[in-house]
Amino acid sequence: MPDSITITDNRTGQSLEIPIRNGGVSSAEWQKILPGIWFHDPGLTTTAMTESAISYLDGDAGILRYRGYPIEQLAEESTYLEVAYLLLKGELPNEEQYKQWVSDITHHTFIHENVRKRFLEGFHYDAHPMGMLVSAIAALSTFYLDAKEIYNPAAREKQIVRLIAKMPTLAAAAHRFSVGMPFVYPDNELPFAANFLSMMWKVAEPHYSANPALVKAIDVLFILHADHEQNCSTTAMRTAGSAHADPYSSAAAAAASLYGPRHGGANEAVVRMLTEIGSMENVGDYVKSVKAGHGRLQGFGHRVYKNYDPRARIIKRVAYEVFEVTGKNPLLDIALKLEEVALNDDYFVSRRLYPNVDFYSGIIYQAMGFPVDMFPVLFAIPRMSGWLAHWSELLDQDSKIVRPRQVYSGAPERKYVPIDQR
Ligand code: SDX
């Protein structure tokens with residue numbers, strides 16, 4: 001049988017055979033016999049908006065690969081900066097390339113003093129750190145005028161390095177502001193994840209040294225959150241990038257989308273949900289209320305994974321390693337009970353709802369001392385490398401500006417009525 005579909009317009013009897021390539025069929029083909037007829041696909045649930053070589057997901061099998069490498073191997077063997085390089089360049093770096101990459105990132109972790117003193121510190125005392133981060137990412141576009149040179153390879157590379165490098169600094173600065181602690185400058189002696197923890201937690205000691213198990217846990221969590229094909233925030237990055245907005249403005253659009261509780265805000269929602277449940281004894285009643293349509297199981301379900309999110313499996317293991325150091329988060333028992341009840345309840349099984357990346361990450365972050373409102377910020381730090389990889393890919397594809405069509409359901413043409421006759 002040929003790898004193709006045939007569509008027929010029954011109004012005209014016209015038929016057209018369209019080849020199936022890489023699991024997709026070209027919409028340009030059916031426009032030949034269906035001009036002006038659009039596939040109505042709210043949420044783009046069955047639409048491939050681009051070709052991409054960055055991440056591969058198999059939702060039924062629960063598979064995630066970055067540039068062909070299984071996420072399990074990268075989480076075990078790699079580092080976040082090496083994974084960022086892989087996502088952006090398409091290949092793992094050799095020793096010399098990696099050394100240069102780490103040096104470039106390390107020497108761009110500082111932010112302009114005005115970003116901190118005039119901008120971040122201008123926020124209201126109880127500003128949400130994710131709102132501060134989204135704004136600060138956009139503000140960076142006003143500090144680097146070469147950011148608009150998106151087809152100049154050197155300028156593009158410089159913005160990519162700056163954004164990856166500055167995310168932990170901006171994130172920590174937002175936290176320090178919200179808790180009234182002084183800003184901590186990056187320590188170039190420290191590797192990426194350790195430097196972030198130093199900027200978060202250093203008080204009066206000359207050098208902050210984080211527990212190596214927590215540094216490793218943060219680095220693994222950053223690897224797991226780095227990319228995830230055409231998720232909502234990456235689609236926002238591609239959409240803004242397709243208009244040739246500079247990378248800072250495009251990344252701000254992506255970060256704003258990640259802020260939503262259905263997306264990157266879910267790990268914050270999970271902890272609030274587990275806290276509201278309060279004890280293992282209340283899990284049954286909570287599940288009943290969700291099944292009755294009152295709210296959702298936060299951290300459960302996924303547009304693509306209709307199996308266990310492979311990242312959630314790894315994060316669950318990391319949780320135990322972190323709790324060895326921090327002591328067990330009491331919410332873990334409630335989470336484990338909730339998972340056990342849901343995975344044995346047909347309501348969730350029939351809807352193929354499993355724990356996703358956000359179900360366990362929040363209780364790890366909380367055990368490490370991060371305030372709940374920092375959780376979406378922790379998601380945004382590593383996802384920046386995925387957003388930038390997709391942004392760079394779309395520019396190299398010379399893709400069209402994103403401009404979907406609609407199915408119009410509004411009023412037919414009608415005549416204007418003067419206000420005294422309404
Ligand atoms: C991330 O896309 C990505 O890759 C995202 C991400 C990434 O790395 O970028 O993986 C990160 O965003 C993970 C998802 C984090 N969000 C949450 O955990 C919030 C809770 N989950 C949901 O709101 C929901 O599952 C979504 C938004 C994640 C997915 O929504 P879909 O695919 O649009 O699912 P749906 O709304 O079509 O639901 C199908 C059915 C519905 O029931 P029926 O109407 O058929 O009766 O499942 C139900 C939904 O009501 N359902 C849930 C549920 N999620 C879906 N019911 C209870 N609890 C849930 N969590």
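I take a polar contact to be a pair of N or O atoms within 3.5 Å. I note at the outset that the model before me is predicted.

**Entry 1**

I began with the side chain of Arg296, where an N or O atom is 2.8 Å from an oxygen atom of the ligand. I then turned to the backbone. At Leu297, a backbone N or O atom lies 2.7 Å from a nitrogen atom of the ligand. At Gly299, a backbone N or O atom lies 2.9 Å from an oxygen atom of the ligand. I next looked up the surface of the ligand: taken alone it exposes 1100 Å², and the protein buries 75% of that area.

**Entry 2: the shell around the ligand**

I found 21 residues surrounding the ligand. The closest are His228, Leu297, His302, Arg311 and Arg383. By residue class, I recorded six nonpolar, eight polar and seven charged residues in the shell.

**Entry 3: helix H6**

I moved on to helix H6, which covers residues 129-140 and has twelve residues. From its first C-alpha to its last I noted a reach of 16 Å, close to the 16 Å expected at 1.5 Å a residue.

Is H6 mostly covered or mostly open? I found H6 mostly covered, with nine of its twelve residues buried. I listed the buried residues as Pro129, Met130, Met132, Leu133, Val134, Ala136, Ile137, Ala139 and Leu140.

Which helices do the buried residues of H6 pack against? I identified H5 (113-119), H7 (153-178), H11 (247-258) and H18 (375-396).

How values were computed
Residues are numbered from 1 along each chain as its sequence is written. This is a predicted model: local features need pLDDT of at least 70, side-chain atom pairs count only at pLDDT 80 or more; totals for chains, interfaces and linings use all residues. Side-chain values use heavy atoms; hydrogens and water are left out. A residue is near a molecule or strand if one of its heavy atoms lies within 4 Å of it. A polar contact is a pair of N or O atoms within 3.5 Å; within protein, one must be able to donate a hydrogen and the other to accept it, and residues adjacent in sequence count only if both atoms are side-chain atoms. Accessible areas come from the Shrake-Rupley method with a 1.4 Å probe; for residues, only the protein chains shown count as cover. Ala, Val, Leu, Ile, Met, Phe, Trp, Tyr, Cys and Pro count as nonpolar, Asp, Glu, Lys and Arg as charged, and the others, Gly among them, as polar. Helices (H or I, at least four residues) and strands (E, at least two) are DSSP runs, numbered from the N terminus. The expected span of a helix is 1.5 Å times one less than its number of residues. Buried means under 20% relative accessible area, exposed over 50%, partly exposed in between (1.4 Å probe, protein chains only). Contact means heavy atoms within 4.5 Å.
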